[in-house]
Each structure stands twice: as structure tokens, then as C-alpha cells.
Amino acid sequence: MSLPIAARIARRELRGGLRGFRVFLACLALGVAAIAAVGTVREGIEAGLRANGAVILGGDAQMSFTYRRASDAERDWMQANARAVSEVIDFRSMAVVGDQRALTQIKAVDDLYPLYGQVELSPPMPIDRALAGDSVVMARVLADRLGVAPGDRVRLGAKEFTLSAILLRAPDDAGAGFALGPPSIVRGAALEGTGLLSAGSLFDSDYRLALPEGADLAALQAKAERLFRDTGLRWRDARNAAPGVTRFVERMGAFLVLVGLAGLAVGGVGVSAAVRAYLDSKTEVIATLKTIGAEGRVIFAAYLMQIGVLAVLGIAIGLVLGALIPLALAPVIEAQLPLPADLGVAAGPLAQAALYGVLTALIFTLWPLSRSGQIRAAALFRDEIEHSFALPGWRVALVTLGLIAALVGAAAWLSGVAWLTYWAAGGIAGALVLLIIVAGALKWLARRAAKARALRGRTALRLALGAIGGPGGEARSVVLSLGLGLSVLAAVGQIDANLRNAIAGELPDVAPSYFIVDIQPDQVQGFLTRVNTDPGVSRVQTAPMLRGVITRINGQPAREVAGDHWVLSSDRGVTSSDRPPPGTVITDGQWWPADYDGPAQISFAQEEAQEMGLKLGDLLTVNILGRDINATITSFRVVDFSTAGIGFVMSMNPAALAGAPYTSIATIYASDAAEAPILRDLAASYPNITAIRVRDAIDRVAEVLRGLAAAITYGALATLVTGLFVLIGAAAAGERARVYEAAILKTVGAVRGQVLAYFTLRSAILGAAAGGVAVLAGGIAGWAVMTFVMEEAFVFQPGSALVIVAGGVAMTVLAGLGFALRPLSARPARVLRARE
Amino acid sequence: MSDPILSLSDVTLTLKGNAGPVEILHGISLDVAQGQSVGLIGPSGSGKSSLLMLMGGLERATGGQVRALGHDLGALGEDALARFRRRHMGVVFQSFHLIPTMTALENVATPLELAGARDAFDRAAEELRAVGLGARMDHYPSQMSGGEQQRVALARAAAPRPDILLADEPTGNLDGANGEAIIEMLFGLRDRHGATLVLVTHARELAERCDRVVRLRDGRIDGAAA
Amino acid sequence: MLSVTDLAKSYGQGDARVALFEGVSFDVAAGEAVALTGESGSGKSTLLHLCAGLDLPDAGQVRIGGRDLAALSERGRAGLRRGQIGLVFQHFNLVPSLNAADNLAFQARLAGRHDPAHCADLMARLGLSGLGGRYPEQLSGGQQQRVAIGRALAARPGLILADEPTGNLDEATGDAVLDLLLDLVADTGAALLMVTHSERLATRLPRRLHLHSGRLG
């Protein structure tokens with residue numbers, strides 16, 4: 001009998017209209033839309049990657065080797081299994097035009113390139129024509145840096161090339177990953193005479209395979225790895241054409257969804273406030289119902305149904321928005337991304353957003369709803385003290401906690417980055433708790449301050465503080481709604497500024513000026529002479545370098561033993577030296593004696609070894625230039641990669657690498673003035689060497705970080721917009737009370753300026769409080785991230801903090817003043833008569 | 001009458017209702033001498049509350065003139081009216097109309113503060129003690145009964161030592177005993193400070209305690225007993 | 001029907017504790033109409049609430065139809081109110097989002113005793129025929145109070161508790177409403193306990209209880 005009654009009550013009350021629930025709907029819709037949009041875009045990108053895998057990769061499958069071209073055995077196997085095989089040699093070098101030098105990533109391709117897709121050139125022409133003879137195509141930024149246009153001459157190594165066209169887009173761009181220099185393409189044959197690819201030069205050879213229709217990629221991979229794994233083969237295929245990009249998109253998407261969840265949490269605050277206000281207006285009705293014998297459960301069910309219908313409406317609006325906005329912006333998005341994106345309506349992200357929306361709505365409505373069941377019938381008849389902070393029944397508390405756990409669990413599972421989710425959820429919960437405490441403290445402080453003798457005479461200020469500290473009051477809703485969004489922004493601001501300082505500020509002081517690679521063994525002496533005699537050079541370090549892939553640990557496949565560690569993901573630098581290089585700190589074990597000639601030994605980087613679970617005595621199989629070298633780990637040393645100096649994960653005793661062709665790398669620490677002449681001389685004498693200007697590299701990294709920070713900031717802004725909605729809702733809800741107060745104040749003699757000052761101060765103080773808390777929370781978050789994740793020093797950034805506080809004040813004052821017009825202008829008599 | 005403290009000449013009041021303009025008051029002319037107590041009586045809808053509001057400058061007359069203490073209220077702007085009220089008038093309403101977010105002490109001190117008094121809080125404390133609420137000064141309206149709230153409102157009206165006291169059905173929301181107490185206090189205040197009192201009520205007995213009874217019906221004065 | 005024994009109630013906390021009344025005992029039999037008077041603040045409304053099970057006494061017992069209210073849970077008391085008691089207040093307390101007919105039938109529906117014929121009959125006798133579709137805000141004070149009376153009677157309760165039912169109405173309307181109430185109650189044979197502060201109205205009921213200085217006279 002109770003459910004039909006409840007439904008009847010619900011239906012009638014709903015017909016009364018949605019007034020007052022606009023904020024409720026807006027908050028839910030916005031939060032759900034943000035998550036749905038992020039998920040849709042991510043899904044679109046991943047779909048694009050999947051659908052265009054072969055094009056991105058440049059083939060159905062790719063077999064890569066470091067340092068060498070494919071052996072005959074390997075070539076034969078490839079020819080036997082594929083329809084076509086295209087060879088691409090990938091390496092770093094310098095392009096020189098007169099006095100200008102620029103770093104570039106060169107792809108030396110054969111005439112089957114590209115196996116899939118088209119290369120976009122300007123002026124438009126087929127790639128075959130563009131690469132005919134000794135021609136090169138270059139990315140526009142490279143051409144601009146060198147000051148050349150199609151038709152001009154460019155020197156690569158010892159040979160002159162003609163720039164035939166600007167490289168706009170290559171189909172396999174996305175698969176290339178992060179490179180320090182812009183791309184150039186030449187014919188492999190044209191490298192003859194450049195002196196660039198001698199023995200020991202560092203390059204990757206990629207063999208793109210066009211496979212027959214319906215080829216079983218997994219089976220082929222298994223076969224190839226079985227045959228060639230121990231030769232240093234790296235396999236990639238169209239199933240996961242750009243693993244780095246995929247991983248990045250996944251992580252970024254997951255992170256943005258987490259930010260979206262923060263937005264939903266803020267929205268939840270608005271939802272909760274709306275429900276509470278609604279139920280407050282229904283107190284009489286609810287008490288009446290109870291008096292005539294309706295049970296708490298029936299009343300709870302009735303209002304739960306109403307809220308439920310509205311929540312479904314809000315979530316539906318959010319889903320529609322979240323699906324349509326990416327579609328509408330698809331052309332813009334697809335143009336911006338260097339990847340093919342396939343934006344459409346994706347069921348998965350929408351379902352995920354809906355799930356989060358439903359859970360959030362429930363979490364934030366159950367508590368205030370349960371109070372509806374608690375309203376005592378006698379409340380109708382006695383002067384009850386309003387709004388005592390009633391704790392929910394244990395049942396409601398338990399269910400709410402369960403729902404929160406479900407939400408966090410679902411987020412952790414669906415995002416794929418469980419640890420990040422838990423941290424984020426903890427952070428959000430912590431921030432909310434902190435904000436609630438602060439709101440309470442603010443109220444208490446305001447109440448005491450309002451009574452202070454010092455304030456007597458400053459009426460507007462005293463009124464404002466009294467209002468904040470008095471019963472009711474919007475301290476909590478303002479601080480919560482704005483506080484979370486501002487906190488995220490503050491955290492981003494602090495972290496971003498600190499990171500940029502660390503990178504752009506400190507790093508150049510300790511980093512070398514130049515990184516020189518590809519120094520041939522017979523060039524080392526001459527090189528050292530040139531730089532060591534230069535007064536502008538403070539320090540030079542050189543080391544021999546080979547690159548090798550760790551294929552086995554103690555006989556087991558390396559991946560099985562140490563998992564997905566970055567050291568195993570591709571080839572790594574291997575050096576060798578008689579003695580520990582100056583400044584080396586050996587943490588465990590012992591370096592080999594100076595002319596050691598026994599079984600091969602390795603000194604491994606200590607931190608990475610710890611992460612991989614390696615111990616002294618472990619046997620590593622490292623494949624260098626196709627040859628397996630088995631070496632025992634005999635010492636660990638500290639390697640600090642953060643100073644951008646020379647750091648090798650592995651160092652072997654020289655005898656182990658005897659006979660292997662190698663090049664040397666060097667770092668030069670020089671004054672600014674000395675840089676140019678050194679480079680000119682080196683380039684003239686040794687055209688094959690590549691000089692990487694470290695400051696340029698740092699700038700590139702900083703650029704990427706800036707992009708990341710921007711993306712996160714946009715996400716945080718979404719949270720802030722939701723907070724703004726809640727704020728506006730609170731201001732609107734408070735308008736009636738404000739009108740009343742203004743009428744009374746005018747009656748007892750306040751002029752409108754005083755009333756306005758009171759309203760403004762009230763808003764400003766609350767906004768400043770929210771901003772202040774945000775800065776505190778942001779500072780703590782920033783310190784935590786810098787100290788534990790980045791392992792860098794943290795310096796508080798007052799500029800960013802000031803902007804946050806000012807922003808908080810501005811928003812609350814604007815929202816408050818927006819609803820101050822009526823109170824200021826209404827005639828006291830009308831207002832008071834209406835309240836009789 | 002030598003210089004009436006309140007003087008209404010042919011005052012009309014028209015308000016916008018749901019179904020068009022409604023004429024609340026038609027051509028009211030009335031003089032109130034200083035120190036007099038006037039009872040405004042009449043059936044509901046007769047316009048007595050509106051008349052009171054006009055006297056206090058809380059409502060603007062549509063036609064005619066309202067003069068208080070020699071000032072033409074119609075010629076004063078909103079802010080000037082507010083300043084005028086804070087110096088010369090105290091108003092008590094049927095629904096108390098205390099500011100919910102201020103304590104009793106703060107409510108009473110506010111008009112004094114707005115007028116710039118340095119000892120606003122001390123005077124407010126005194127007024128509250130005079131109405132027997134010395135122990136409740138730090139309580140909020142929501143923590144007080146109706147009778148107590150009205151006493152706070154009384155203290156608030158009396159604190160600035162106003163020349164004119166306006167009371168709109170002050171006992172309407174109170175039961176017998178409390179209402180009696182409030183009326184006693186109201187008249188006591190008037191006697192003590194010599195203020196002029198205009199009291200709106202629907203209870204004949206109460207109106208007859210005043211020096212003079214003015215009866216309103218349908219927006220017009222229905223015979224004025226002196 | 002209603003049996004009150006040794007009832008005591010006070011309110012407030014700590015030093016501000018005020019005793020309203022104590023040692024209050026009385027009975028109201030089926031078919032009886034009793035007026036409960038006393039000065040304002042004497043606690044007569046509170047006494048009525050205790051009789052309705054809306055509040056619990058500090059001491060003493062309230063029995064309705066033989067059932068001890070204190071022995072029932074919150075749900076039990078709600079159930080009792082649904083089926084056994086009709087309440088009429090000073091402020092009409094109708095549900096604003098339901099029309100007059102639905103308001104009238106509401107308690108009967110809750111109690112599972114909705115009888116459309118009986119409701120229609122009540123509407124007619126209360127002079128509300130044709131007003132069933134109107135919402136409370138569209139009805140006058142007198143009409144709203146009549147709907148409230150109808151609601152109280154629709155479930156055929158054994159006990160009617162009325163708290164100043166005419167307090168918000170002018171004299172003429174109030175008298176008419178009271179007449180209706182007394183007639184209808186007499187028809188159904190229910191017990192009636194009515195709180196009033198008006199001497200005039202109190203004398204219209206056959207029996208009278210007076211609360212004075214915390215005791216019943």
C-alpha cells in the first residue's frame with residue numbers, strides 16, 4: 001500500500017514544477033557531460049589508432065633492430081612471410097646550411113616507402129619524385145630554422161642535398177614518438193658518401209612488413225620472437241601501432257576522468273544543497289503527513305522517487321551534451337591532433353559517465369533525504385531550533401559509504417590506473433573534509449569576530465561577519481563549491497610553476513651546454529684537443545657508447561623476470577671503462593680491476609636495479625649488434641639522470657666489448673660565448689658528429705609539460721564552472737532571505753550604500769576564505785607531488801596563489817551582487833507585508 | 001493643533017495587485033499631535049497597516065502629502081528616508097521581523113550603529129535589560145519564543161529614543177499573557193520617553209487605551225473620535 | 001476510548017526546565033464530546049499532542065482503545081494515528097500539492113480504508129461538493145478547515161482530537177464549522193477532545209476539563 005501512495009505524492013509534488021532544481025540539474029548534467037566528453041574523445045582516439053594501426057605503423061608489422069641492418073637470415077624470413085618489406089633507417093643527425101646548424105631526425109627510406117598512406121608535401125608531389133637524386137624533404141620548422149626553401153641546398157654529413165619539398169605530414173608520424181629534432185626524409189641510397197652511417201653509428205633499422213590478408217599477427221610475432229629475439233629484435237604490429245601514444249592517451253584520459261570526478265563531487269555539493277533546501281520547504285507537508293500517520297518510509301520513498309526522476313533527467317541531459325559536444329567539435333579536434341581520431345557516439349564512455357552520475361546523485365542525496373524521514377511530527381507545533389546538524393541513521397551511513405566505495409572501485413577498475421584513482425579519490429575526500437572543517441571554523445571565527453569590540457562602528461563588516469557566523473548561513477556551501485575547483489587550480493599552478501623552475505631554472509645551471517654523439521674512435525683525440533684547449537670550456541666528459549637490449553635475466557626472458565620496466569622497453573646505452581668514472585659512487589659490490597680479462601661483468605644503475613629486482617651475481621644477457629653478451633652484475637652505482645649529464649644504466653668491463661664497433665659521446669660544459677666557435681670547428685672537421693644543444697632539448701620538454709599543464713588546467717576549469725553553478729544556486733536561494741534582511745535594515749535606518757557594503761563584504765569574506773583554503777590545499781598537494789613524485793625541491797609560488805584568492809573573491813562577489821539588485825531596490829513595506 | 005508631529009493631507013495609496021491596480025487609501029487627512037497615542041482600528045482590508053507604513057516612510061503615497069516632524073516624506077529619497085527613520089522612528093511589527101542571523105543584542109544595537117552611535121552596544125544592553133531579557137542577549141531569534149522576540153523588537157524600536165513609535169498589530173502573533181505584557185511595555189515606553197504612539201489593532205479594547213481612536217473602513221477614515 | 005492516567009510533561013533543558021503539568025488523569029468515552037480549556041501557556045496543546053502519540057510524556061500513561069501508546073514503537077504509533085485518530089489543527093495543514101478531494105481521502109487511503117462513497121458523502125455534508133478539484137490555495141480559510149475535518153473523519157476513526165479548530169477563522173465562519181464538526185462527530189459515535197481558549201465555544205460542548213497551574217480541574 002505504501003508504494004502507490006508514495007508514487008502519488010511524488011507525482012503531485014513533481015507537477016509543482018522544477019523551480020529550485022535548476023542548480024541540481026545543472027550540476028549533475030555538467031559533471032556527467034564532462035566525463036562523457038572526455039571518454040568519448042579518448043574512445044575516438046583509440047578507435048582511430050586501432051583502425052589506422054597499419055598506416056601509423058607504416059606496415060602491418062614492424063621488426064626493428066638497433067645499430068645494424070637486418071641479417072640475411074632475418075631478411076629471408078621477412079621476405080618469405082610478407083608481401084612486401086620496406087626498410088627505414090632512423091637516426092639523429094645535423095642539417096647544416098652555411099653557418100646554421102639544426103638537429104634533425106632522419107628517416108632514410110627505400111622505394112617502397114610508404115607501404116600504407118601518403119606523405120603530404122608542399123608543394124604537393126609524389127614522394128618518389130621528391131626523393132629522386134640527392135634530395136631531402138624537411139619539416140617546415142626545420143626549414144625555417146635553417147632559413148631554406150624548396151630548391152635550396154642543405155648539407156647532411158659530408159654531402160650536399162637539395163631540399164625538394166616541405167614535409168607536412170608523414171603517415172607514420174604518430175608511431176615515431178618523441179624526437180628531439182624535427183623530421184627529414186631521404187632515400188637510403190642517398191646516404192652513400194655522407195659518412196653518417198659508419199660502424200658504431202647509432203641508428204635503428206625498421207623493417208615494415210605488408211602481410212597477406214588475414215595474417216595471424218600473434219602467431220607471426222611468436223614465431224619471429226622465437227627465432228630472432230636473442231638477436232635484439234623488437235616487434236611491433238598494427239594491433240598496437242603506437243604503444244607510447246596509446247599509453248599516453250590512456251593515462252591522460254584516465255586522469256581527466258578523475259578531474260571530472262572531482263567536478264562531479266563539487267556538483268554533488270550543489271545537489272545536496274538543492275535537496276536540503278527543497279526538503280526544508282516541505283517541512284510542513286512532511287510533518288503533516290507524519291501526523292496523519294504516514295510512516296517515515298513512505299515519505300522517504302516518495303521524495304526519493306521525485307529526486308530519482310530529476311536525477312535521471314539531469315544525467316540524461318549530461319549524456320546528450322557529453323556525446324554531442326565532441327561530435328560538434330570533431331573537425332577542430334581532429335585537426336589539432338597528430339593522430340587520426342574516429343569521433344563518434346561511443347556507448348562505453350557514456351555508460352561509464354552515467355554510472356558515475358547515478359552513484360554520485362545517490363551518495364549526495366541519501367543523507368539529506370533521510371532527514372525527511374526524521375522530521376518529527378511535533379516539529380509543526382513547537383518552535384523548533386532550526387537546522388541542528390542531524391547525523392544520519394546508521395543504515396543510511398552504511399549505504400552511503402558502500403556507494404562511495406563502489407564509485408571509487410568502479411573508477412579504479414575502469415580507468416586502468418588504480419593507484420592514481422585511489423590517490424585522487426583520497427585527495428578529493430581529504431579536500432572536501434578539509435573544506436567542511438574550514439567552513440565550520442570560519443563560521444565560528446566570524447561569530448567571535450562579529451562580537452569584537454574593535455568592530456563596533458564598522459556596521460557593514462560586523463553585519464557581514466555576523467551573517468557568516470549566524471545560524472543557517474552559506475559558509476559551507478560557498479567554501480565547498482568554490483574550494484574544490486580552486487584547490488585543483490591552485491595545485492596545478494604550484495606544480496606547474498615549480499616544475500618549470502626546476503627545468504628551466506635550475507637545470508641549465510648544472511646541465512651541460514652540448515651533448516655530442518657519433519664521435520668515431522679515430523676522432524676522439526682530435527675532438528678532445530679542440531675542446532680542452534678552449535678557455536671557454538669548463539668541463540668535458542666522454543664515454544664510449546654502444547646500445548644493447550637486455551634480453552634475458554638469469555636465463556629467463558627479461559620481461560618475465562622484471563616485468564614492464566622502462567629499462568627493458570627498448571635498447572639502452574652501454575658504456576665501458578677501466579676505472580669508475582670520476583664522481584661515481586659505488587653502493588654495492590666492486591668494480592673490476594683495470595685490465596681485467598675474465599668473464600664479462602656489469603656495473604648496473606642502483607635505483608633501476610632495485611626497481612627491477614636485480615641482485616649482485618645476476619646474469620644478464622645483453623644483445624649488442626646482434627651478438628649476445630652474458631655478463632654478471634658485480635656492482636651497483638648511483639646514476640642521477642636528472643642533471644642531463646652522461647648516465648648509463650650499464651657499464652661493462654672493456655674486454656667484454658673488445659672488437660665491437662662503437663662511437664663516443666661527450667658532454668661539453670662551456671660558456672655561451674664559446675659555444676658557436678666550438679661547434680663550427682667541430683662541424684667542419686667532423687661532419688658526421690651530431691651536436692645536441694641541451695637548452696633546446698630542455699625547451700622541448702618544457703613545451704610538452706606546458707601542454708600537459710594546460711590540459712589539466714582546462715579540466716580543473718570544468719570543476720570550477722560546476723562550482724560556479726553551485727555558487728549561483730546558493731546565491732539565488734539566498735536571495736529571498738537577502739530581500740528580507742535588506743527590508744528590515746532599511747526599516748531601522750540603513751541607507752542602500754550600507755546594505756550594499758554588507759552584501760559585498762559578506763560575499764568577499766567567503767570568497768577569500770575559499771581561496772585561502774584552496775591555496776593551502778594546493779600548496780600541500782604541490783609539495784607532495786614535487787617531493788614524492790618528482791623528487792625535487794618545492795618553493796611556494798605567491799603569484800599563482802594571489803591569483804587564486806583574487807579569483808575566489810571575484811566570483812563570490814559577482815555571484816552575490818548578481819542577486820543583490822532586488823533586495824536593494826525592493827520597498828520595505830511590500831516585503832514585510834508579504835512576510836506577515 | 002499646534003504643529004502636529006504627523007500630518008497627512010489628502011493622502012491616497014494605489015498598489016499594483018494581481019488583477020490590476022488596487023486603491024488602498026482614498027484621500028486620508030489626519031493630524032497627530034506630539035505625545036499623543038492614536039489607535040488605528042478597522043476591519044481587515046481597511047488599509048490601516050498601509051496607513052501606518054506611510055507614516056513611517058516605508059511606503060510612498062501615490063497622492064497627497066505626508067509630513068512628519070516638519071519634513072515632507074514624499075520629497076525625501078530612499079536613503080534620506082532611512083536616515084530620517086533611524087533618528088526619529090521606532091517600528092514594531094506583528095511578525096517581529098528580527099534579523100535571523102544576529103543575536104538579540106546585535107539586533108537592538110543595529111539602528112544605533114547605523115546612526116553612528118559610539119556606545120550602541122551599551123545602550124542596546126540597557127534596553128534589553130529594561131524589557132527583562134538581560135539574560136538572553138546572546139541568543140538568536142530562533143532560540144526565543146514569540147513573546148521574547150517581540151520584546152527584542154520593542155527594545156530595538158525604543159533604543160534610538162524615537163520621537164514617533166509605530167506599532168502594527170504588535171500582539172497579533174502572541175497569546176493573551178504575552179500580548180498583555182507587550183502592550184504594557186509599549187505604553188510604558190511611550191510614557192517614559194514622551195514619544196508619539198500610533199498603534200494599529202483590530203481589538204477595540206486595545207484601541208481605547210489610546211488617547212484617540214481613528215477608525216478606518218475601505219481606505220477612508222470613518223469618523224475620528226478625539 | 002481515550003484514557004489518560006497520571007500524565008506529566010515538562011519542557012526545556014537544565015536550569016530552564018519548566019514543568020507544564022503533572023498528575024493529569026481523565027477519560028473520554030466513545031460518543032462523548034469534551035472541551036479542554038486553560039490559559040495560554042498552560043500546556044493544553046501539548047496535552048493533546050501526547051494524546052495523539054506525537055510526543056511522549058515524562059510520566060504517566062495514555063491509552064487509546066485500550067492500547068498503551070508508550071508500549072508502541074514509532075511505527076506503531078503512526079499506524080494508530082492512521083487508523084484510530086482524526087486530527088484537526090488550528091492551521092489547516094493540508095498538503096498543498098493535492099486537491100481538496102485527494103486531501104480529504106488521504107488519511108483513509110493511508111489506512112487502507114478508502115471508501116469513495118463515504119468520502120463523497122462527507123464532501124456533501126461539509127458543503128464542499130464541486131470544490132473537490134480545487135487546491136488549498138484556491139480555497140478560503142473556512143473551506144480549508146472543512147476539508148481538514150473531512151480528512152479527519154474519512155477513515156472512520158474512534159477518536160477525534162481538535163486543537164483550536166476555529167482559531168484562525170472569524171466568528172461567523174468559526175461557529176458554522178464547529179456546528180458541522182459536532183454534528184458529524186455525533187453521527188459517527190466517535191469520541192471528541194477539543195482544545196479551545198474561548199469560553200464561548202467551550203460552553204457548547206457537554207463536558208469540560210480545565211488545565212490550571214499544571215493540574216486538571
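**Exercise 1. State what share of chain A is buried, and describe its overall build.**

Solution. Buried residues account for 48% of the 836 residues of chain A. The model is a predicted one. Chain A contains 28 helices and 21 strands, and its C-alpha atoms fill a box of roughly 100 × 65 × 60 Å along the principal axes. Of the contacts in chain A between residues at least 6 apart in sequence, 86% link residues at least 24 apart.

**Exercise 2. Determine how helix 2 and helix 23 of chain A are oriented to each other, and what their contact is made of.**

Solution. Step one takes the geometry: the axes of helix 2 (residues 22-51) and helix 23 (residues 694-733) of chain A come within 9 Å and cross at roughly 175°. Step two applies the cut-off: angles over 145 degrees count as roughly antiparallel. Step three lists the residues. Helix 2 of chain A contributes V23(A), A26(A), C27(A), L30(A), G31(A) and A34(A); helix 23 of chain A contributes A718(A), V721(A), T722(A), F725(A), V726(A) and G729(A). By class, this contact has nine nonpolar residues, three polar and no charged.

**Exercise 3. Describe the sides of chain A and chain B that take part in the contacts between chains.**

Solution. Start with chains A and C: 18 residues of chain A are in contact with 21 residues of chain C. On the chain A side, helix 1 (2-15) and helix 10 (283-291) are the elements that give two or more residues. Helix 10 of chain A has the largest share, five residues. The classes on this side are nine nonpolar, four polar and five charged.

Next, chains B and A: the contact takes 33 residues from chain B and 29 from chain A. On the chain B side, at least two residues each come from helix 1 (48-55), helix 2 (78-88), helix 3 (104-114) and helix 4 (120-130). Helix 2 of chain B gives the most, six residues. This side of chain B has 14 nonpolar, nine polar and 10 charged residues.

**Exercise 4. Locate the cis peptide bonds and the positive phi angles listed here.**

Solution. The background is that most residues other than glycine have a negative phi, and most peptide bonds are trans.

- Y113(A) to P114(A) is cis, with omega near -10°; P114(A) lies in the loop between strand 3 (100-109) and strand 4 (120-122) of chain A.
- S122(A) to P123(A) is cis, with omega near 0°; P123(A) lies in the loop between strand 4 and helix 5 (127-130) of chain A.
- F96(B), not a glycine, has a positive phi of about 65° and is found in the loop between strand 6 (89-92) and helix 3 of chain B. F96(B) counts as buried because it has 23 C-beta neighbours inside 10 Å.
- E164(C), not a glycine, has a positive phi of about 45° and lies in the loop between strand 7 and helix 6 (171-188) of chain C. E164(C) counts as buried, with 21 C-beta neighbours inside 10 Å.

Key. Residues are numbered from 1 along each chain as its sequence is written. Chains are lettered from A and ligands numbered from 1 in the order in which they are written. This is a predicted model: local features need pLDDT of at least 70, side-chain atom pairs count only at pLDDT 80 or more; totals for chains, interfaces and linings use all residues. Helices (H or I, at least four residues) and strands (E, at least two) are DSSP runs, numbered from the N terminus. A residue is buried if 20 or more other C-beta atoms lie within 10 Å of its own, exposed if 12 or fewer, and partly exposed in between; C-beta atoms are placed from the backbone. Two residues are in contact if their C-beta atoms, placed from the backbone, lie within 7 Å. Ala, Val, Leu, Ile, Met, Phe, Trp, Tyr, Cys and Pro count as nonpolar, Asp, Glu, Lys and Arg as charged, and the others, Gly among them, as polar. Axes are lines fitted to C-alpha atoms, for helices over the stretch in contact, and angles run from 0 to 180 degrees between N-to-C directions. Angles under 35 degrees count as roughly parallel, over 145 as roughly antiparallel, 65 to 115 as roughly perpendicular and the rest as oblique.
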